[in-house]
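Let's take a walk through a protein together, one step at a time. Keep the picture open as you read, and look for each part as we come to it.

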Amino acid sequence: MTRTLAEVILSRVSGRDVRAGDLVIVPVSRVMVHDSVIDAVMAGLRDLGREQVWDTAKVCVFVDHAAPAPTPVVADSHRVLREWVREQRIPTFYDAGEGVCHQIMVEEGYCEPGSVIVGSDSHSNSYGAVGAFGAGMGATDVAVALALGRTWLRVPESIKVTFTGRLRKGITMKDAIMRVVREIGTDGARYACVEFHGVGDLPQGDRITLAGMTTEMGAKAGIVVGTPEAPTWLRPDRDARYLREVTIDLTTLEPQIAVPPRVDQVVDVSAAVGQPVDIVFLGSCTNGRLVDMQQAASVLRGRRVAPHVRLEVVPSSRRQFELAMQDGTMQALSAAGAVIGSSGCGPCLGRTGGVLAAQEICLSTANRNYKGRMGSPDASIYIGSPYVAAVAALTGVIDDPRPYLEATEEEFDALVARRRAERPERGAASSRSGDRSRELVMASARSGPVVEIDD
Amino acid sequence: MPRAWVFGDDLDTDQMVPGRYAPFMVGQDKFHTYAFCDARPGFAKEVRPGDILVGGENFGCGSSREYAVAALAKLGVGAVVAKSFARIFFRNCINLGIPALESADAVEIVRDGDDVTLDVAAGLLRAPRGDAAVRPLASFAQEILSAGGVVAYLREHGDFPRV
């Protein structure tokens, strides 16, 4: 047999033996809907003449794209969404602050391996982290799936991506997938499924990073082979035929940076060293999990972000947020000066929480750096790993994170001082709330009690 | 006569309607007035019903936002002709009743502002400097388009076209 994983899945769910190029109409195991499209989805259902979704138990609804509501218009849209959820009696509803739809879909177990899931968001490819065929679609396609419980697909060709070797310290699977995007380009996987080999045993979060970023290559789906969640039948045939095969050696991988305004304009970090940044965003469905925050905290713990730089941390879900509070990661990031946003999409798509001004330069751990993506069309967005983000927050410039992870305290401070000194002057230095009162307490402790408390 | 609006490769949906002008940010009655507001200022005011967008590779990549296509539909765009389409954008066009047609050479032949006519039967986009061959759509997509979009098709037939 020569079936790819996409052909195996779509043959099984369509009930006939299909190959790349065939059109299939398939049942969906879930439909994911989020706040930014709900109006159009409801209009679609109304126009279809359907009062009710086909199966309330299989619908997952999220408020995450502009949450909590930044404007009265958005707030109204959220109110309408909540009323719709109540009227439809949809039990699976995650309101503002619970997290990014994709993170919750995967970590709360809504993605059945080997099934087809339609999502109203382009990064629905993320469900391939656990072996599901997740495909992002527009509002009308989503409305149709909600009405019929089925969707149509063209069976995609597949691109096989094999990872070999082991990641070295300071390198992450974000670097690995950016290396793949660099190789394949923003349209190299158009209409195709990207099949990942050699990484099935990675933590679930790393697999979400991989599967979700296949969207940036134009892919219909991105699926990790051999995950712990996958049943035994869920694997490609040994002689599967691929459109293209790409092998990436993790051992020799360098930190990768996407240079604005293209996600596939990717360079080794050495080519971007010294690039000043104004704001650093750590978050999104790509890199907003505990491990991402831990990696950033490993650089920032006990230190303070550069005075002229802002760091915004947005956990990808409440679960990830609480885990990061339990182990002190969140405390370390806050003490370093981070703004902690409520779990959700944050400023990734420029609608809420820390959008960019004209001329501002951002280093983001998210997945897109298009012009205007995070706010002003005259802002610039670089994309990197959580380690790169942490070092950028600390120094105010893009730098290779590895020397920082190996340095002694003195060497570390010298590296930071050098980079900060080299950075051209931009923005304004910020004080940290609490610093002044701490200094006053210290001063009063040195000079004895200043005020007699008399009550 | 319809006018051609010519764009390059990898035109993403953030260029068509930036996220900050999503219908649920500015209202259902306004979002289309921001079509190409950064990438092509003046477009929303000047575009006429029936006008044709011509593009290069990977037209409509990026976010799944259907309102990018809804804005084009609302402004009356008659067709999109490009070297290749991003998959979600392509589906959205067919679903909302805008022909999305592949043409290897339209973007080379057609100049911005040209008067053009789309001759679907002949498979040609006719322009002053010559005709560009346009690939016919699969019958599945053609059936949906001829009904005016997927909603209209389903209302009429109750189910998808046969595959």
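Which residues in H9(A) meet which residues in H12(A)? Before we answer, please keep in mind that this is a predicted model. On the side of H9(A), the residues are A:Asp292, A:Gln295, A:Ala296, A:Val299 and A:Leu300. Their partners in H12(A) are A:Pro386, A:Tyr387, A:Ala389, A:Ala390, A:Val391, A:Ala393 and A:Leu394.

The crossing of H9(A) and H12(A) is right-handed.

The buried ones are A:Leu290, A:Asp292, A:Met293, A:Gln295, A:Ala296, A:Ala297, A:Val299 and A:Leu300. After H9(A) comes A:Gly302, which has a positive phi, near 80°.

Leaving aside neighbours within four places in sequence, A:Ala393 is in contact with A:Val280, A:Leu300, A:Val305, A:Ala306, A:Val309 and A:Leu311. A:Ala393 also belongs to the largest nonpolar core, which has 200 residues. Together with A:Val142 and A:Val280, A:Ala393 is among the residues with the most contacts inside that core. Domain 1 (5–252) and domain 2 (257–422) of chain A each give this core at least three residues.

That brings us to the two domains themselves. In chain A, the C-alpha centres of domain 1 and domain 2 lie 26 Å apart. Their contact takes 34 residues from domain 1 and 34 residues from domain 2. On the domain 1 side, helix H4 (101–107), helix H6 (173–184) and helix H7 (204–213) each supply at least two residues. That side of domain 1 divides into 12 nonpolar, 14 polar and 8 charged residues.

Next, zoom out to both chains. Where chain A touches chain B, the contact takes 41 residues from chain A and 39 residues from chain B. Strand S1 (23–27), helix H2 (38–48), helix H3 (72–88) and helix H5 (139–148) of chain A each bring at least two residues to the chain A side. H2(A) gives the most, with 5 residues. The chain A side as a whole comprises 16 nonpolar, 14 polar and 11 charged residues.

Finally, visit a few loops of chain A. Between strand S3 (59–62) and H3 you will find A:Pro68, which is joined to A:Ala67 by a cis peptide bond with omega about -10°. The peptide bond from A:Pro260 to A:Pro261 is cis too, with omega near 0°. A:Arg89, in the loop between H3 and strand S4 (92–94), has a positive phi of about 55° although it is not a glycine. A:Arg89 counts as exposed because it has 10 C-beta neighbours inside 10 Å. A:Gln359, in the loop between strand S16 (339–340) and strand S17 (361–364), has a positive phi near 75°. With 11 C-beta neighbours inside 10 Å, A:Gln359 counts as exposed.

Definitions and conventions. Residues numbered from 1 in each chain as written. Chains lettered and ligands numbered in written order. Predicted model: local features only at pLDDT ≥ 70, side-chain atom pairs only at ≥ 80, totals over all residues. Left-handed = near helix turned anticlockwise from the far one by under 90°. Helix = DSSP H or I, 4+ residues; strand = E, 2+ residues; numbered from the N terminus. Contact = placed C-beta atoms within 7 Å. Core = buried A, V, L, I, M, F, W, Y, C linked by C-beta atoms within 7 Å. Buried ≥ 20, exposed ≤ 12 C-beta atoms within 10 Å, placed from the backbone. Domains from an automatic or database assignment. Nonpolar A, V, L, I, M, F, W, Y, C, P; charged D, E, K, R; others polar.
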